[in-house]
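Reader: I would like to go through this model with you. Please tell me what each label rests on.

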Amino acid sequence: MEGEAATTTTITETVVTITETTREVSLGKVALVLILVLLLAYLATRHVLGIGNRRRITLLVGPAGSGKTTLFRQLQNGKPPALTVTSVRANECECGVSGDRPATDVVKVADYPGHVKLRSGCGAYLDRAKRIVFVTDALVYNQSDRVREAASFLFEVLKHPSVLRDRVPVLIACNKSERMNAFSPEFVKKRLEKEIEVLLSTQGDLSDTVGGAEGNANIASTKEGQAFKVSDCYSKVTAAAVSASKGTI
């Protein structure tokens, strides 16, 4: 009798173990299916909303009067316009590209207005930019107020959250380089670096009074005590001479 009881107990325990194991396996399968369903839903949502491929434009930004619209028309039509006026809204087009890439390739280009009062809407375009061309007038780098304006705008671009997060490359396009009195890209870059360093210093002082480092945009890997250099920026920043009116781009 005792042997039969022991056998019955063993069988019961085995059945319970098998049942629990089956339940765990079933729950594991259900969890796996749920994870797969959620993953597929997430990927489908990204596809529908275009989140995964939202950075598709080459964005032209910069202070008013720097030649962005002339550059845009040059890219669009292959020649500069006879006359341009200051843009009050963004322009967009698809431009064919030349050089090493296939002739069928096109690049979507957006030209955003540079007027101070219109810059608040620039963020939506920065969020879509695959690359940024910061157009600046190479003739004005002996004018402190114009240099400060350009540096302030460039600083806003570099510290924009999505630009920082995705490390969007930035080209400083020193326009009107065909003119004899145009400053070189190296000179322009150094003037901008100096002004941005002042902005970073000022921002750091302000952050001490408004809650510490949270208000401080860390745009570069520059170490404390070292001068700010655009080469230290998390986004790759380069400078080049261009001439929108002559088609040197």
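Author: The protein has 6 helices and 6 strands. Helices (H or I, at least four residues) and strands (E, at least two) are DSSP runs, numbered from the N terminus. From the N terminus on, the order is α-β-α-β-β-α-β-α-α-β-α-β. This is a predicted model: local features need pLDDT of at least 70, side-chain atom pairs count only at pLDDT 80 or more, and totals for chains, interfaces and linings use all residues. Residues are numbered from 1 along each chain as its sequence is written, and side-chain values use heavy atoms, with hydrogens and water left out.

Reader: Why is Val 163 called buried?

Author: Buried means under 20% relative accessible area, exposed over 50%, partly exposed in between (1.4 Å probe, protein chains only). Val 163 has 0% relative accessibility, so Val 163 counts as buried. Val 163 sits in helix α5 (residues 161–166). Across the protein, buried residues are 33% of the 249.

Reader: What does Val 163 touch?

Author: Contact means heavy atoms within 4.5 Å. Beyond residues up to four places away in sequence, Val 163 touches Arg 55, Leu 126, Ile 132, Val 157, Leu 158, Val 168 and Ser 235.

Reader: Why does Pro 185 count as partly exposed?

Author: Pro 185 is at 21% relative accessibility, so Pro 185 counts as partly exposed. Pro 185 belongs to helix α6. Leaving aside neighbours within four places in sequence, Pro 185 contacts Cys 174, Ala 239, Ala 240 and Ala 241. The C-alpha atoms of Pro 185 and Ala 241 are separated by 5.9 Å, though the residues are 56 apart along the chain.

Reader: How do you know that Arg 191 has no salt bridge?

Author: A salt bridge is a side-chain nitrogen of Lys or Arg within 4 Å of a carboxyl oxygen of Asp or Glu. Lys and Arg count as positive and Asp and Glu as negative; His and the chain ends are not counted. For Arg 191, the nearest side chain of opposite charge is Glu 195, 4.2 Å away. Arg 191 is buried, yet has no salt bridge. Arg 191 lies in helix α6 (residues 185–207). Not counting residues up to four places away in sequence, Arg 191 touches Tyr 141, Ser 144 and Val 147.

Reader: What makes a set of residues a nonpolar core?

Author: A nonpolar core is a set of buried Ala, Val, Leu, Ile, Met, Phe, Trp, Tyr and Cys residues joined through side-chain atoms within 4.5 Å. The largest one here has 37 residues. Those with the most contacts inside this core include Leu 59, Leu 154 and Ile 196. Helix α4 gives the most to this core, with 8 residues. A second, separate core of 12 residues includes Leu 71, Cys 93, Cys 95 and Val 135.
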